Amino acid sequence: MNNTYYPEGMFPEALHGDKMTREQLKKAFLEGTILQANARSATTGHDLLVDLGPVQGMIPREETAIGIADGSVRDIAILSRVGKPICFQIVSIDGLYDEKPRILLSRRSAQEQALDHLLHQVPIGTVLPGVVTHLDRFGAFCDIGCGNVSLLSIEHISISRINHSRERFREGQHIFVAISSRDLSLRRLNLTHKELLGTWEENARGFSVGETVVGIVRSIKDYGVFIELTPNLSGLAEYRSDLAPGDRVSVYIKAILPDRQKVKLIVIRTLPGDKSLPPLRYFRTSGNISAWRYVENSYAYN
């Protein structure tokens with residue numbers, strides 16, 4: 001068995017169970033391969049039905065997720081997967097070549113295998129792909145492997161401060177995160193994100209004095225307005241009473257001061273509302289972050 005523990009929705013096409021032949025499904029069963037397919041529907045008993053190429057598989061309710069059997073996870077976690085990609089292993093096949101074979105699947109077993117791997121074999125600071133599953137005021141929840149969801153606290157999303165994680169992400173978005181800590185007794189992992197978006201210097205290199213660019217007002221103080229140029233870089237403009245947090249503005253870059261780690265801006269005008277999210281540019285998408293320096297503070301995980 002040699003599984004890679006992808007977040008649900010990010011499995012490569014070769015592991016899409018709904019595109020497999022019966023022979024390929026049999027091979028995946030014998031090898032214990034973790035597959036992905038969409039949950040087509042949920043029965044009245046909250047079993048999940050999954051299309052597998054020419055046949056159909058079923059995930060019994062107690063096998064749909066870690067915590068369902070003991071009641072620590074509510075059944076809404078099952079129902080919310082309908083119409084979405086889910087991972088699973090084939091645990092039994094009866095009458096594979098019959099017209100309607102009985103194929104039982106387990107999402108729970110795939111999740112437990114992935115969680116054990118994340119808890120015991122993946123070092124702190126490792127950068128992983130993730131899928132945003134839920135947004136809240138205090139942070140975002142991300143699937144980092146086979147439906148195992150971990151918290152990315154709002155203070156770890158970016159250097160630029162935001163009031164709600166929806167100001168940075170949308171549900172279903174593919175992002176990168178790093179493991180910041182773990183609790184083996186609770187079998188829980190915590191995530192960070194801002195370290196992947198670059199240092200002050202890395203972000204400042206993308207701008208030049210004399211340019212006019214688009215920014216987002218993030219906070220307003222008596223002494224000026226902080227405007228986000230990138231999620232990890234903000235500049236300061238003079239105070240204006242007609243601005244509010246969240247406003248999109250065009251700004252003229254008056255000065256970039258590397259020795260003081262500051263960017264001075266002049267607000268040109270406010271721009272029409274735009275529901276699109278500020279783009280994310282990742283400076284790191286793999287490897288391990290053992291320490292990170294943004295300006296003067298160092299962040300060491302090990």
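**Cysteines and strands**

A: In this predicted model, the sulfur of C87 lies 4.0 Å from the closest cysteine sulfur, that of C146, which is too far for a bond.

Q: How many disulfides does the structure hold?

A: The general idea is a distance test: two cysteine sulfur atoms count as a disulfide within 2.5 Å. Here the structure holds zero disulfides.

Q: Is C87 buried or exposed?

A: A residue is called buried when its relative accessible area is under 20%. C87 has a value of 0%, so C87 is buried. C146 also counts as buried, because its relative accessibility is 0%.

Q: How many of the residues in strand β5 are buried?

A: The same cut-off, under 20%, is applied residue by residue. Strand β5 spans residues 102-106, and four of its five residues are buried, which leaves the strand mostly covered.

Q: In which sense do strands β3 and β5 pair?

A: Pairing is read from the bridges between two strands, at least two being needed. Strand β3, residues 55-59, pairs with β5 in the parallel sense over two bridges.

Q: How many bridges join β4 to β5?

A: Strand β4 covers residues 85-94, and five bridges join it to β5, with the two running antiparallel. D94 stands opposite R102 in β5.

Technical notes: Residues are numbered from 1 along each chain as its sequence is written. This is a predicted model: local features need pLDDT of at least 70, side-chain atom pairs count only at pLDDT 80 or more; totals for chains, interfaces and linings use all residues. Side-chain values use heavy atoms; hydrogens and water are left out. Buried means under 20% relative accessible area, exposed over 50%, partly exposed in between (1.4 Å probe, protein chains only).
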